[in-house]
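Hi,

Here is the structure I promised to pass on. Have a look, and my notes follow below.

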Amino acid sequence: LVVSLVSAVRFTYDAPALHVFLETAGALIALLAAYLVFGRFRASSRLDDLMLSCGLAVLSASTLFFSSLPAASELDMGHFPTWAPLLGRLLGALFLTYAAFCPGTKLRHPRRSALVLFAAAGLLLTAIGVVIALVAERLPAGLDPTLAPPEALGRPHLHGHPAVLGVQFLLAFLYAAAAVGF
């Protein structure tokens, strides 16, 4: 709201090193939270704890491997840094939302269930990374590079590829639903 009403407040920052630092810090915090929730799962053997731990781990891994590392490498990766993190975060948000509403039943084989779930999540993240890397050059830009910067327009505008905006709205809905469920 402040960014929309006060033109002196910037909508973005132009500090790539700060962006990498913030992304990495957020990913490590999510990884620590996933570890703590996994400790709770080991004590409880409940499905909801396992799903929450996996969702946090997926969000952490997605941020580390699809956002932080590509930004730190400064290599031109095409549209990979737009689409891979978006899909990885969508996967993590689906896990979190399911964790908020799934039953807290005790699992019969908690160790095997955890291994299968984390392996499946890892394979899905790997598949996202590989597929997006293979087709990154053919994917549309998330934001049209010919647009004027937001400060030149006087206020922020919602511009972007409809698929990116749609997934971001879906993410907002899933996070809101998870917040209500928790």
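This is a predicted model: local features need pLDDT of at least 70, side-chain atom pairs count only at pLDDT 80 or more; totals for chains, interfaces and linings use all residues.

A quick term to start with: buried means under 20% relative accessible area, exposed means over 50%, and partly exposed is in between (1.4 Å probe, protein chains only). By that scale L22 is partly exposed, because its relative accessible area is 43%.

Residues are numbered from 1 along each chain as its sequence is written, and side-chain values use heavy atoms, with hydrogens and water left out.

Back to L22, which sits in helix α2 (residues 16-44). Helices here are DSSP runs (H or I, at least four residues), numbered from the N terminus. Together with L18 and F21, L22 makes a nonpolar surface patch of about 300 Å² accessible area. The areas come from the Shrake-Rupley method with a 1.4 Å probe.

Next, the aromatics. The whole structure has three aromatic pairs. In one of them, the ring centres of F38 and F41 are 5.6 Å apart and the planes are at 40 degrees, so the pair is tilted. For reference, rings of Phe, Tyr and Trp (its six-membered ring) pair if their centres lie within 6.5 Å; planes under 30 degrees apart are stacked, over 60 edge-to-face, and the rest tilted. F38 and F41 are both in helix α2, three residues apart, about one turn of the helix. F41 is buried at 3% relative accessibility, while F38 is partly exposed at 24%. F66 and F80 form an edge-to-face pair, 5.7 Å centre to centre with 85 degrees between the planes. That pair links distant parts of the chain, with F66 in helix α3 and F80 in helix α4 (residues 80-101), 14 residues apart. Ring pairs also link F38, F41 and F118 into a cluster.

F41 turns up again around D49: D49 touches V37, R40, F41 and S44, leaving out residues up to four places away in sequence. Touching means heavy atoms within 4.5 Å. D49 is in helix α3 and is buried, at 4% relative accessibility.

Cheers

How values were computed
Patches are made of residues with over 30% relative accessible area and no salt bridge: like charges are joined within 9 Å, nonpolar side chains (Val, Leu, Ile, Met, Phe, Trp, Tyr) within 5 Å. A salt bridge is a side-chain nitrogen of Lys or Arg within 4 Å of a carboxyl oxygen of Asp or Glu. Helices (H or I, at least four residues) and strands (E, at least two) are DSSP runs, numbered from the N terminus.
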